[in-house]
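Grab your viewer and work through a few exercises on side-chain contacts. Try each one yourself before reading the solution.

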Amino acid sequence: MNTIEDVKRRIKGKKNIVSDRESNSKFHVFIFKFFTVVIFFAFGTLIVNKDVNIKKIIFDKVYKSNFSFASFKNIYNTYIGNILPFDRIFKNRHVFNEKLEYNTISKYNKGAKLTLSKGYAIPSLKGGIIIYNGEKEDFGKTIIVQQSDGIDVWYGNLSNTSLNLYDYIDDNAIIGEANDDTLYLKFQKDGVEIDYKEILR
């Protein structure tokens, strides 16, 4: 007759077998993804080195036009996923569930000028990749986020930001604080300005 201890031992053994199977499965998926990316990269490198026309096309699409890195990342994560199994090590930026709030808004230099509360932590409007981090004339310290919808959002007149170029941020990620309680926003898609009233409804 089975005792409770015998049953517990059997259940524990089954859990260990399932856990081992899951670990092996995850390892095989990782190896498959890794070699798929390596082969794809090696094949792409060979083609680019052999054909000057392909090199010119890639240069024109990536460097001369407004290549959507954020859209590419979304497609990559959907079909391939994260190649590195270290999601918990590389934690996302802190986000908070609040939308951008401002006291006043007015037109400014093909964008908008917002007045905010002192020390207000500015949330990103949407997630995306940082394609610019530096000084812009008339905007001061500026971070440009290329959102997954293809819209480039300029956050100008910033202070206390810890974001770096090519960081990927989620919706509502903290961009920084507004210098002198004034934030400048500008919206572009494919190099064409979008009226801020279409975005900030």
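**Exercise 1: a salt bridge**

Asp149 comes out partly exposed, its relative accessible area being 27%. Keep in mind that this is a predicted model. Work out which residue forms a salt bridge with Asp149.

*Solution.* Start with the distance: the closest N and O atoms of Lys126 and Asp149 are 3.1 Å apart. The cut-off is 4 Å, so a pair like this counts as a salt bridge.

**Exercise 2: an aromatic pair**

Decide how the rings of Phe139 and Tyr184 are arranged: stacked, tilted or edge-to-face.

*Solution.* By the ring-pair rule there are four aromatic pairs. In this one, the ring centres are 5.8 Å apart and the planes sit at 80°, so call it edge-to-face. Phe139 lies in the loop between β4 (128-136) and β5 (140-147), while Tyr184 belongs to strand β10 (residues 182-189), so the pair ties together parts 45 residues apart in sequence. Phe139 is buried at 3%, and Tyr184 is buried at 13%.

**Exercise 3: a lysine with two contacts**

Find what the charged end of Lys186 sits over, and which residue it forms a salt bridge with.

*Solution.* The charged end of Lys186 is over the ring of Trp154, 4.3 Å from its centre. Lys186 also forms a salt bridge with Glu193, with closest N and O atoms 3.7 Å apart. Lys186 is buried at 9%, whereas Glu193 is partly exposed at 33%.

Note on methods:
Residues are numbered from 1 along each chain as its sequence is written. This is a predicted model: local features need pLDDT of at least 70, side-chain atom pairs count only at pLDDT 80 or more; totals for chains, interfaces and linings use all residues. Side-chain values use heavy atoms; hydrogens and water are left out. Rings of Phe, Tyr and Trp (its six-membered ring) pair if their centres lie within 6.5 Å; planes under 30 degrees apart count as stacked, over 60 as edge-to-face and the rest as tilted. Helices (H or I, at least four residues) and strands (E, at least two) are DSSP runs, numbered from the N terminus. Buried means under 20% relative accessible area, exposed over 50%, partly exposed in between (1.4 Å probe, protein chains only). A charge sits over a ring if NZ of Lys or CZ of Arg is within 6 Å of the ring centre and within 35 degrees of the ring normal. A salt bridge is a side-chain nitrogen of Lys or Arg within 4 Å of a carboxyl oxygen of Asp or Glu.
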